[in-house]
Amino acid sequence: MAKKSKTTTEVSLRDPKYYFNRELSWLEFNDRVLHEALDSRTPLLERLKFLAIFSANLDEFFMVRVAGLKQQVEAGVTSLTADGRTPSDQLDGINQRLLPMVKEQHEHFEQILRPLLAQQKIYLLEYMDLNSEQRTYLQNYFEEQIFPVLTPLAVDPSHPFPYISNLSLNLAVVVKDPEQGEEFFARVKVPKVLPRFVALPEPLRERQKGKPALWMGVPLEQVIAHNLEFLFPGMNIQEYHPFRITRNADLAVEEDEADDLLLAIEEGLRKRRLGGSAVRMEIHATVPETLRKTLMGEMGLQESDVYEIDGLLGLGDLMSFMGLPLPELKDTPWTPVMPVELRSLSEEDGDDFFNIIRQRDLFVHHPYHSFSGTVQRFITQAADDPNVLAIKMTLYRTSGDSPIVNALIKAAENGKQVAVLVELKARFDEENNILWARKLEQAGVHVVYGIIKLKTHTKIVLVVRQDEKRIRRYVHIGTGNYNPKTARIYTDLGLLSCREDLGADLTDLFNFLTGYSRQRSYRKLLVAPVNLRDRMTTMIQREIEHCRQGNTGRIVAKMNSLVDPKIIATLYEASQAGVQIDLIVRGICCLRPGVVGVSDNIRVISIVGRFLEHSRIYYFYNQGNEQVYIGSADWMRRNLDRRVEAITPIEDPEIIKDLQEILAIMMADNRQAWELQPDGRYIQRQPEDAKEQCAQNILMEMAKESAKEAAGMA
């Protein structure tokens, strides 16, 4: 009888009405990004930055997610998502939700941000607003700097419609032959090799008498448009209209059939540069219907694929304004600090650095803690240390001038055994990773390119060192990429440790990554796709059992996305049992909180702000014997089943307390936090909101009790 009841519960908890759609949830996340641009509390140039991020996010969303849905529709796929939608349903929902968001973005830029920029003497002008002297300068600039780069492409019986490349900004030009009276169509591509916004020199920036602007300029496409007679001499320019195309750019590689994964990825990149089928066109509403239909027909687009823009196309280029030397219009710079344990060390104290890790686990929290002074130093000092015998690590994404890669090369040149897994399938970083892989190989590093059917997403380093009379293994396990640049803007966590069990686990994991291994168990690590899903499910179910026995059940989890239906159903079961659950989910969340009888004990917030909340923390109360984990995996099917991930337990009581405080601070946030409602809306908390203070106090009390217990045991 009990078994039957459990089955009934499982079926009911999979009801589509209890799940949000993944794609629509992502759009809500991007709407929260947009809100940072709309928020008057955000510094002005930072608001431009968030507008640019919103646009860049949308570009990738169309290139990958929308493109994938369109392929499913073309293939006749009718299977339903967890929330009960077909691919066609999802495309319709995306279009309906996105249209008002895009309109709001452009209206805010034109009506609010442009005037605010002008108040700060930053003038992004229309070409028609320029005086004769400024136009003369830009005409000369066009002839000298722009004209030689342009290639007008005619469309007629002898000139087929040209290929329009992905994310390209173009001018659709209609010209008329004055002798024959015939009209022709041509396309002019706005070159990406030139700055999108053309700045005027200081002598021509005077907006008010004796008061030159800090910056003044016009969009590049307008400079081209107002000098089209140079491209079409002897013709009458009838009209011109900017348009922008987005294409399918997902990289599909048949790994099972590839003799060489590196060559297969390179071939896929060549195809991506050409671009797949068009999935979106952005145009002005003023484009004539005949021209609109021509463009749609030539690129195989439907009406729902066309987004009318009232203003500038491609607002992602606004990111360039962050380069202006105006710190008063940006966030106050943050200078990372060193962890207390490392502050007394000099740069040369390599042995002391390892000695500190031998004494106790070291916790790092970026960007608050210096990446270069901790994780990067760990690797660079290992490369130089004569006692280090081997270095092994994974690279998912890294910077173009990576000191870490250079350190690995130096380590190999110093005669150390160096093995690196470079994930060639890291989306949109494939080309960069191929370059690094080849450079590492040329230096004698053992390079592995990933595993068939699995993407290696874990962030791990293993250093093998001869310490006095024994060999020790030092490890770093983190939540973020080994990228010094993103470490300054992404919030991530890491653990530096010399614990024997973690060193042994990483040794086994690297053997799996570089050789042939069917490793099915690990001492401490939770590893996907081996045991991570089962262990996470077991820990949730353990909290359920505690509640059923009349005790307290408590889960707090922070991640980027929550999508996996099985995990969500288990969380619903936990809520029904009385487990109190707080989820901090920055991006996609398919769980519907606050549903009476299903998820009324689950609360979800999202925090979007200056530092991208990228870290993952998993906390289970476990009757006061708390278990806390950090690592690279979200609760998504791809992380649990199709990627190599590593989650490490935190066992140092002081670090556990630090992580609990981080979670408590985030749950009490009343500035950047958004609360997910049962109907899918997110409501931003206001400074006067204090209801989450209770949750904060509960967790802090748990932290204090754990610290007391740990102190008593010590």
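In this predicted model, Lys-49 and Glu-46 are both buried. The two residues form a salt bridge whose closest N and O atoms are 2.8 Å apart. Both belong to helix 3, where a spacing of 3 residues places them about one turn of the helix from each other.

**Salt bridges**

The whole structure contains 47 salt bridges. Another of them joins Arg-65 to Glu-23, with 2.6 Å between the closest N and O atoms. Arg-65 is a residue of helix 3 and Glu-23 one of helix 2 (residues 22–38), so this pair ties together parts that are 42 residues apart in sequence. Glu-23 counts as buried because its relative accessibility is 4%, whereas Arg-65, at 30%, counts as partly exposed.

A further pair lies in helix 14 (residues 532–548), where Glu-545 and Arg-548 are 3 residues apart, about one turn of the helix. Glu-545 has a relative accessible area of 37% and is therefore partly exposed; Arg-548, with 51%, is exposed. Elsewhere, salt bridges with shared partners connect Glu-289, Arg-292, Lys-293, Glu-303 and Glu-308 in one network.

| Salt bridge | Closest N and O atoms |
|---|---|
| Arg-65 and Glu-23 | 2.6 Å |
| Lys-49 and Glu-46 | 2.8 Å |
| Glu-545 and Arg-548 | 3.3 Å |

**Nonpolar core**

The largest nonpolar core has 120 residues, and the members that touch the most others are Leu-45, Ile-224, Leu-562, Leu-571, Leu-583, Leu-591 and Trp-635. Helix 3 (residues 44–74) supplies the largest share of this core, 13 residues. With residues up to four places away in sequence left out, Leu-562 touches Ile-567, Ile-568, Leu-571, Leu-583, Val-585, Ile-588, Cys-589, Cys-590, Leu-591 and Trp-635.

**Strand 22 and its partners**

Strand 22 (residues 580–585) is mostly covered, with 5 of its 6 residues buried. Strand 22 pairs with strand 21 (residues 554–559) in the parallel sense through 6 bridges. In this pairing Arg-554 is found opposite Gln-580 of strand 22.

**Aromatic pairs**

There are 18 aromatic pairs in the structure. One of these, formed by Phe-142 and Phe-230, is tilted, with 5.8 Å from centre to centre and 45 degrees between the planes. The pair links distant parts of the chain, 88 residues apart: Phe-142 is in helix 5 (residues 132–146), and Phe-230 is in the loop between helix 6 (220–225) and strand 9 (236–247). Phe-142 has a relative accessibility of 0% and so counts as buried, while Phe-230, at 28%, counts as partly exposed.

Tyr-368 and Phe-611 form an edge-to-face pair, 5.7 Å centre to centre and with 85 degrees between the planes. Tyr-368 is in the loop between strand 12 (362–366) and helix 10 (375–384), and Phe-611 is in the loop between strand 23 and strand 24 (612–613), so the pair ties together parts that are 243 residues apart in sequence. Tyr-368 is partly exposed, at 29% relative accessibility, whereas Phe-611 is buried, with a relative accessible area of 14%. Ring pairs also bring Trp-26, Phe-29, Phe-61, Phe-62 and Tyr-307 into a cluster.

Terms used:
Residues numbered from 1 in each chain as written. Predicted model: local features only at pLDDT ≥ 70, side-chain atom pairs only at ≥ 80, totals over all residues. Heavy atoms only, no water. Core = buried A, V, L, I, M, F, W, Y, C linked by side-chain atoms within 4.5 Å. Buried < 20%, exposed > 50% of the residue type's maximum accessible area, 1.4 Å probe, protein only. Helix = DSSP H or I, 4+ residues; strand = E, 2+ residues; numbered from the N terminus. Contact = heavy atoms within 4.5 Å. Salt bridge = Lys/Arg side-chain N within 4 Å of Asp/Glu carboxyl O. Pairing = 2+ DSSP bridges. Phe/Tyr/Trp six-rings, centres within 6.5 Å; stacked < 30°, edge-to-face > 60°.
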